[in-house]
Amino acid sequence: MRRRAFLRAAAAAPAAAVLGCSSSSDDDRQHGHASISYGMWDQLQVPAMHEVIAAFRKEHPDIDVTIQLTPFSTYWTRLQTSITGGGAADVFWMNGPNIRRFSHYGTLLPISDRLAADGVDLADHPDNLVDLYAYQGEQFGIPKDYDCISLYYNTELFDEAGVPYPDDTWTWETVREACREFRVPSRGQFGISSALDRQRNLYPAIFQNDGWVVDGRESGFADERTIGGLEFWTDLINADLAPNAMATADTTGRSLFLGGKLAMYYGLPNDAVEAYDDEAVRERTDIAVLPQGSSRGNVIHGLANVINARTPFPDAAYEFVKFMATREVGEIQGASGTILPSFAGTESGYVDSKPEFNLRAFIDQIPDCIAYPISMDTNTWENQQYTLLGDAWIGDPGRSVADASHALASAMNLVLEQEP
Amino acid sequence: MTSTTTPASTAAAHPARWRGSARGTWAGSVITHAVLIAGAVVMVFPFVWQVLTAFKTQAEAVAVPVQVFPSRWEWAVFTEIFDVLPFAEQLRTSAIVALVRTVGQVLLCSLAAYAFARLHFRGRELLFALFLSVLMVPGQLLILPQYELMVSFGLLNTIPALILPGLFSAFGTFLLRQFFLTIPAELEEAALIDGASRLRIYWSVMLPLVRPALAALAVITMMNSWNDLLWPLVVNTDPNVMPISAGLTTLQGQFQTNYPALMAGALLASLPMLLVFLVLQRQFVQGIALTGSKG
Amino acid sequence: MAVPTTASTPATPAPARRRRSIRSGGRAGLIGYLFIAPVGIGLLVLYIYPAVATFALSFTDWGPFGGNTFNGFANYVAVFRNDLFWRSLGNTLLYMSIGLFVIPIAIVIATLLNKPGLRGVGVYRTLYFIPFVTLPVASGMVWKWLYNGDYGLINAFLGNFGISGTYWVANPATALMAIGIVQVWSQIGYYLVIFIAGIKAIPQTYLEAAELDGAGPLRRFFTVVLPLLSPSIFFCSVINVIATLQIFDLIYVMSQSSSANPAFNSAQSIVTLFYQMAFVENNKGNATALAFLLMLLIAALTAVQFRLQKKWVFYD
């Protein structure tokens, strides 16, 4: 606080007057005209967002919306800097790992009261996703899209190996057996990617083994069931039925799958875009629900639109976020074929955009889903996952995943303890 | 040039002998070329890769195993890039930023460097150490306070915000100081006796003598400015005032990157820089021939 | 200042006296301050002041979005207790040692490029300049492909001799070396430009005099070129140490950008750790303490180099 005051004093005096809200003037506000900015990171979704903004402007001709596109690699650095320094977008994309920290420190505008006053209920969006963006009883964001995990498979390799295509009867055991059929060392061919990828691989397997990741201030990685979920992947690696973490660090599971080196791959809805764009890959790819472990289980995550607490136009920003949660916007987003919109029933646009793929698999699995695990300092312990579990992922059976997981649990507990 | 520098007469007077000695070692020449060609291949390879990737399809660009050549030479992406990005505006922004930074740095840094190398004043060593300390702070640490400064200057989303931090360089000052230190003191003292002012000596005597260093600094500054990434992305969100380096990164998605468009855009963006280099490199080639009274 | 008296005896300009006029304070001193003022003020406002203000906060507990409370040396204690700090410190010093190889390489190439009568020198110079205009993403792609354990060029080459390579940037045992080599590669252009300028600035007369004395090319290189190039070499070695101790981008591109890399910690540098702490974990207090410690290390190593320069750097 003092430092910033000092910085301002050091700056030219007349310039300091425009601090924080350089683009807005009182005149505009009095006449009900507002100009808000919308921060996002995905170039692919820009066209759909232009459509959304055009539709919004039909209802609110007095509100201008401009898009601020920042690539994902710098999005969070930029956001933190601009929130702290003043000058962040009025409405912007938020994800699960970051939501609690941003809401806890008062950087986001709470919207529960406004939603209640408007009689808006968010029942049309997956409820565990809506909950993800609530903190201490207050709603801070509304989901715009969602993703869970499905099994992508290469029909050519299945036909060649004479393995029947995966369906909802598949279990972990079926996967293990199939992987033996697919392994062709001379071609560098494997049955499945077991990459150290929390959202695609680790969490679904943990949840399918009735394990858990975080609960309050406690890590779930010391739990036998959690470790059992991880062992599904490390057993495959240690049996040389899946590439180890060094191989998947060099060539991602997705690239290996697209390149025809993998028969199966746990993928996000978004992964369908690239598979679909390449005609050869499109023809040999299809999608099924995940094989089940001791239970069905999946992880759901999605982005939300949130409002900058320091926006000079809270009303306009709220109107925009509310509008983004409607069926109309869900349909525009779905039709663009880039993501699965979170408004129930509007996914058909996305599903129809790639009729050759069984994209229904994603929608069918919503009931199996557990919300993406988060706490306040999610990023900190997420980092620890990869560095501490990595040891057990390099294909050396001497390094036990149980040890690595226990080490992770203690490191993670330290972080959780210190959370505000 | 003033009377204190002797024109490049000595070097020009003996070109034959230099050539003669080089031709004398034919084997040496072959080895020289072999080393230089091998080195050139290593240096140029990624650029060639960039060119090849620009012509590929997205699938070919990320193929496993790697596909070296595109199956069809596709030019469409070079026009597509103009639809995806405000390419011309961004190129213009990059050019303005690079030009102002380069001219500014060369002028300001050479002034300071000359003072550090040649003038004596109280606290010189300490001030120089202070300059150097700027280089020792990781740039990532300064992002937030510098951003706050730009906010308080009211410069967010403007071209001056892109230019400002890069206008002042401890690196450039240090580099030029080293070169000024190599100039024989006699040249300057002669001019002082002639009654020339310090500013005049700096401008007419010393600057011409360190021309190769000025060219080197210009090249380095211009390239750094052209490739600058994090800073423009932090202070700028308006695509129309974004430099091309930052504009191109918006093609990199969270899960996938449009590599052909990225490479094609980068290729187009690099052409002006290549031209600049071809012009500036004559400054290196000419070199400096001075015959000081020492030696 | 007794200016009139000296002016009255212009016929005998005593060298000692003239020298003093250059070295004394007074007007020349004022001019000195004026000359360094433009850069000095810019650096002060945009770099030094923000750095000092930020470092003051290394003694506070930082909220992720601002707001500080004094906590003494707690951040420093936390950094010293962090195993990753010691590990990345070791790694960073290794990067620095590998990075220094760029200097002899650049000197050799610069010397060859300055060889009198060399054919195609313009073409070579342009080719060596190309990495400057190559997109870092493209260089990253190429190097990753070269190093790729399953489909990489290096392993394909080694395979011809029956040697099986490894996953160079994903294997904890090799990642640091592999990235260090790319660092050297990526820096050659910079130092080349400086050394070419440095060699060009060497007065031809010196070389000719040496040649008349019967010195061969190798001897001319060691007795004339190297000593006269020493100010540039000194500059490059100082700058290179400063730069490699802050190595960041390359590690990020090569080993941290995509999915989980088992060599993550083995390749971690102080600045990548700083970035993790500051921007991923939002622990700005610890991060700032770490950055300050790094700065002390850099300052110490730079001071040592300035001390040692008297032994080997020749200024005219």
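1. Helices (H or I, at least four residues) and strands (E, at least two) are DSSP runs, numbered from the N terminus. On that basis, C:Leu118 is placed in the loop between α6 (102-113) and α7 (121-129) of chain C.

2. This is a predicted model, in which local features need pLDDT of at least 70 and side-chain atom pairs count only at pLDDT 80 or more, while totals for chains, interfaces and linings use all residues. Residues are numbered from 1 along each chain as its sequence is written, chains are lettered from A and ligands numbered from 1 in the order in which they are written, and side-chain values use heavy atoms, with hydrogens and water left out.

3. C:Leu118 is buried, at a relative accessible area of 12% (buried means under 20%, exposed over 50%, partly exposed in between; 1.4 Å probe, protein chains only). Setting aside residues up to four places away in sequence, C:Leu118 touches B:Thr32, B:His33 and B:Leu36 in chain B, together with C:Leu112, C:Leu113 and C:Tyr124; contact means heavy atoms within 4.5 Å.

4. Between the two chains, 112 residues of chain B are in contact with 98 residues of chain C. Chain B and chain C bury about 9,700 Å² between them, 76% of it on carbon and sulfur atoms; buried area is the accessible area (1.4 Å probe) that two parts lose on being put together, summed over both. On the side of chain B that touches chain C, helix α3 (residues 26-55) of chain B supplies the largest share, 17 residues.
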